[in-house]
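Hi,

Here is the structure I said I would pass on.

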Amino acid sequence: MTENSGHREHREYSERDVQREVTELQGQSATAARLFDIRRIIGGLFVLYGVIVTITGLTDSDAAIDKAQGVNINLWTGLGMLALGVFFLVWLKLRPVAPPTPDESAE
């Protein structure tokens with residue numbers, strides 16, 4: 001009898017229960033995909049570093065600019081990094097990750 005008691009713990013699931021569970025898991029999967037989209041990570045880092053380098057470029061001394069042959073390299077690099085970061089974030093906003101579609105064979 002003790003061998004059969006382990007098998008009796010399995011619960012019968014209705015089609016509705018299974019469908020609800022699949023829907024919940026699909027929602028969690030889509031949320032995780034949006035959260036860990038590489039465009040969000042790259043865009044966020046470029047914006048962060050772009051702000052830091054731009055501020056450095058705005059506060060550079062004349063000696064630092066002369067060292068770079070008269071070009072405020074920190075300012076231009078920071079602005080370029082900001083532009084690239086904003087590009088990635090706008091791309092993410094305009095073309096979000098599509099939620100996964102269930103396979104035809106799973107139905």
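Buried here stands for under 20% relative accessible area, exposed for over 50%, and partly exposed for what lies in between, with a 1.4 Å probe and protein chains only. Before you read on, please note that this is a predicted model, in which local features need pLDDT of at least 70 and side-chain atom pairs count only at pLDDT 80 or more, while totals for chains, interfaces and linings use all residues. Residues are numbered from 1 along each chain as its sequence is written, and side-chain values use heavy atoms, with hydrogens and water left out.

The protein chain has five helices and zero strands, so the order from the N terminus reads α-α-α-α-α (helices are DSSP runs of H or I with at least four residues, strands are runs of E with at least two, and both are numbered from the N terminus). If you take the contacts with a separation of 6 or more, 73% of them join residues 24 or more positions apart; contact means heavy atoms within 4.5 Å.

Now for a pair of helices, α3 (38-58) and α5 (residues 73-94). Their axes come within 7 Å and cross at roughly 155°, which makes α3 roughly antiparallel to α5. The axes are lines fitted to C-alpha atoms, for helices over the stretch in contact, and the angles run from 0 to 180 degrees between N-to-C directions. On that scale, under 35 degrees is roughly parallel, over 145 roughly antiparallel, 65 to 115 roughly perpendicular, and the rest oblique. The contact of α3 with α5 has 17 nonpolar, ten polar and two charged residues. In this sorting, Ala, Val, Leu, Ile, Met, Phe, Trp, Tyr, Cys and Pro are nonpolar, Asp, Glu, Lys and Arg are charged, and the others, Gly among them, are polar.

T54 lies in helix α3 and counts as buried, at 10% relative accessibility. Beyond four places in sequence, T54 touches N74, L75, G78, L79 and L82. V47 is also placed in helix α3, but V47 is partly exposed, with a relative accessible area of 22%. Leaving aside neighbours within four places, V47 is in contact with M81, L82, G85, V86 and L89. V47 and L79 are 32 residues apart in sequence, yet 9.3 Å apart in space, C-alpha to C-alpha. Over in helix α5 you will find G80, partly exposed at a relative accessible area of 41%.

D37 lies in the loop between α2 (15-35) and α3. Is D37 buried or exposed? D37 is buried, with a relative accessible area of 9%. The side chain of D37 makes a polar contact with the side chain of R39 at 2.7 Å (a pair of N or O atoms within 3.5 Å; within protein, one must be able to donate a hydrogen and the other to accept it, and residues adjacent in sequence count only if both atoms are side-chain atoms). Not counting residues up to four places away, D37 touches L92 and V97.

Q69 lies in the loop between α4 (62-67) and α5. Q69 is exposed, with a relative accessible area of 76%, and has a positive phi of about 55° although Q69 is not a glycine.

Cheers
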